[in-house]
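The following report describes a single protein chain, moving from its overall make-up to particular side chains and their surroundings. Please keep the sequence and the model in view while reading.

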Amino acid sequence: MNYLSVEEITKTFGDRTIFEDLTFGIDQGQKVAIVAKNGAGKTTMLRCLLDLETIDSGRIVFRKDIRVAFMEQTENLEGSNTILEEIFSHDLPELNAVKEYNAAMEAEDESAIEATFEAITELNAWDLEVRVTQILSVLKLEDTKQLIRQLSGGQKKRVALAKVLISEPDFLILDEPTNHLDLDMIEWLEEYLMKSSATILMVTHDRYFLEVVSDEILELDNNTIYKYKGNFSYYLEKKAEREEQLASTIGKAKNQFKKELDWMRRQPKARGTKQKARIEAFHVTKKVAKQRIDTDELEIPVKMERLGTKILELHKIGKSFGDKKIIENFSYTFKRQERLGIVGKNGSGKSTFLNMLMNIVEVDKGKVVLGETVVFGYYDQEMIKTNDDKKVIEVIRDIAEYIPLEKGRQMSAAQLLEKFLFPRNMHFNYVRKLSGGEKRRLKLLTVLMANPNFLILDEPTNDLDIFALSVLEDYLRSFQGCLIVVSHDRYFMDKMVDHLFVFNGDGDIKDLTGNYTAYRKNKIDLERAGKKAMALSNASSTVEKVVASVTTKHEEKKKLSYKEKQEFDDIEKELESLEEEKAKLSEKLMDTSLTGEELNQAGQRLTNVIELLDEKTNRWLELSEFS
């Protein structure tokens, strides 16, 4: 069933074409992602779909009577509302009933409680109350009486996400939903969206998120759209095939163009019908031959000061804000070519730790010793601070007209911009006209221009498109200095770091060898071991109770009958088989490739198997007394 039909839409800003004659459709239950370079028009397209921006031509049709919710990249919230008021600001019967019930409970109005109780029951909305509590808890929004205007940017983003999820729409449109979420929240959101029956259209640069959630990728490139029926891995494979075919086509066209150009120059002015056709074909060939394939290669061989023996040492440092401990008695010595990742929940002190290294925030105790040869490059979460009326090239020239490279070479500001994916036609654009991702990329360039030998990157992946991320990763892999990264992009962390500082809260920091995937696997293994130990403890207690009951109940019985002996032997075999099935089902429930229906079936079967095990175990214990 078709939920959205987009037919030949075009959008321009002045003389700039954002997209042209785009056509695609989205069916019920699909989970579609849009990928494109920063500034290519992803957010503009989403706003056009919802009639928040006008299109120049074409047609956009949503299926009638479906509920559509949109989470914008910039929050559109009412500052005077509390979190709870904002969450319930949707004009939906179920939400209104729950809101009125909560108000009646707070006012202890028994007649209103009774009336709203009946309304919720009629609307079958009791599970909504549970879902609201769960979502707010996961997104760390438990203090629902806080005013929106008092929240940080990250908290507002989480409120906007909670608001659209709680409305439980038929069609969910998300613009960068993982921004400002910590890693646990992102993994929860992945699972939530995978299980959701809603149709989803999203823009995200989180590559693991794309891999797990999406079943179709739409790539917006060169003002048009390409469709890939699969997840992110499938998209990368098919995109490479498409570009390989295009390169082959361009190569053949160039060879043909040379031959036809020679013919065009030699032929007489009077032309017949056949010649006209050949001339038209020449112009088509010329157009194909002049196409370019952007390889998005980032090579900046900037000159880097050599690091000395002493780099950066932390000696029993500590930091607190009131009763909240950030770091407690922490020591570490940084080595050459350090590649460190930092993970932890929002508010656990990651950014504070970086500011302590940079001497922006003072330590309460201990000391930070910095080597004489260290040149920091610090990229923080703030947007670039520069005059919006400056041109892009002026921002770079204010730092230097020429940048020194290795082996005595140098590069102009314009050349450097091109290397960093700012083509010539963007050099004289005003900063105010850049997209969020382009501003981030420009800021990152200004940091790298200082020729640092110790890079500290705090959320460098926010608002960068997957193409810019790929070339940034290429650059950082060849970077010979020290690197510290704080990021919620798991894919980026896996490729960039070889050990992690894990901020567990209350001043506790653990140093773990390996990348993010290794850390996550270790964490899951520990959680499983804890649950298994608890289950064994509970099982042991249950067995003791059953044995005591059996002994009391059957103390006068001396031995088994023939039928009971047969039953006893059969039960032993059944218990072994059931235990094997239980282990396989438990493993199956951890398989992220299964559909929601398959997971549900496995869960129901596991419940039945556990019940059978309890029943058979009790009977086996009863019979074993007399065997």
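What percentage of the contacts in the protein chain with a separation of 6 or more is accounted for by residues 24 or more positions apart? Where contact means heavy atoms within 4.5 Å, such residues account for 69% of them. This is a predicted model, in which local features need pLDDT of at least 70 and side-chain atom pairs count only at pLDDT 80 or more, whereas totals for chains, interfaces and linings use all residues. Residues are numbered from 1 along each chain as its sequence is written, and side-chain values use heavy atoms, with hydrogens and water left out.

**Overall make-up**

The protein chain has 19 helices and 20 strands, these being DSSP runs numbered from the N terminus (H or I with at least four residues for helices, E with at least two for strands). Of its 627 residues, 43% are buried, a term that stands for under 20% relative accessible area, with exposed set at over 50% and partly exposed in between (1.4 Å probe, protein chains only).

**Nonpolar cores**

A nonpolar core is a set of buried Ala, Val, Leu, Ile, Met, Phe, Trp, Tyr and Cys residues joined through side-chain atoms within 4.5 Å. The largest one has 52 residues, and Leu161, Leu165 and Leu193 have the most contacts inside it. Helix H6 (residues 153-166) supplies the largest share of this core, namely seven residues. Apart from it lies another core, of 44 residues, which includes Val431, Tyr475, Val485 and Tyr519. When residues up to four places away in sequence are not counted, Leu161 touches Met71, Leu139, Leu174, Pro177, Leu181 and Leu189.

A pair of aromatic rings is described by the distance of the centres and the angle of the planes. Here, rings of Phe, Tyr and Trp (its six-membered ring) pair if their centres lie within 6.5 Å, and planes under 30 degrees apart count as stacked, over 60 as edge-to-face and the rest as tilted. By this rule there are 16 aromatic pairs. Phe330 and Phe501 form one that is edge-to-face, at 5.3 Å centre to centre and with 85 degrees between the planes. Because Phe330 lies in strand S11 (residues 324-334) and Phe501 in strand S19 (residues 499-505), this pair ties together parts that are 171 residues apart in sequence. The rings of Phe353 and Phe501 have their centres 6.1 Å apart and their planes at 70 degrees, so this pair is edge-to-face. It links distant parts of the chain, with Phe353 in helix H11 (residues 350-357) and Phe501 in strand S19, 148 residues apart. Ring pairs link these phenylalanines into a cluster whose members are Phe330, Tyr332, Phe334, Phe353, Phe376, Phe454, Phe501 and Phe503.

| Residue | Relative accessible area |
|---|---|
| Phe330 | 10%, buried |
| Phe353 | 0%, buried |
| Phe501 | 0%, buried |
| Tyr379 | 0%, buried |
| Glu86 | 3%, buried |

Helix H11 is largely enclosed by the rest of the structure, because seven of its eight residues are buried; these are Lys350, Thr352, Phe353, Leu354, Asn355, Met356 and Leu357. Just after H11, Asn359 takes a positive phi of about 60 degrees.

**Charges and polar groups**

A charge sits over a ring if NZ of Lys or CZ of Arg is within 6 Å of the ring centre and within 35 degrees of the ring normal. Arg432 lies in this way over the face of Tyr430, at 4.6 Å from the ring centre, and Lys443 lies over the face of Tyr379, at 5.2 Å from the ring centre. Tyr379 belongs to strand S14 (residues 376-379), and its contacts beyond four places in sequence include Arg440, Lys443, Leu444 and Val447. Between Tyr379 and Arg440 the C-alpha to C-alpha distance is 9.5 Å, although they are 61 residues apart in sequence.

Glu86 lies in helix H2 (residues 83-87). Its side chain is joined to that of Lys163 by a polar contact of 2.7 Å, a polar contact being a pair of N or O atoms within 3.5 Å, where within protein one must be able to donate a hydrogen and the other to accept it, and residues adjacent in sequence count only if both atoms are side-chain atoms. Leaving aside neighbours within four places in sequence, Glu86 is in contact with residues including Asn76, Leu77, Ile148 and Lys163.

**Cysteines**

A search of the whole structure finds zero disulfides, a disulfide being a pair of cysteine sulfur atoms within 2.5 Å. Cys48 is buried, with a relative accessible area of 4%, and Cys482 is buried, with a relative accessible area of 0%.
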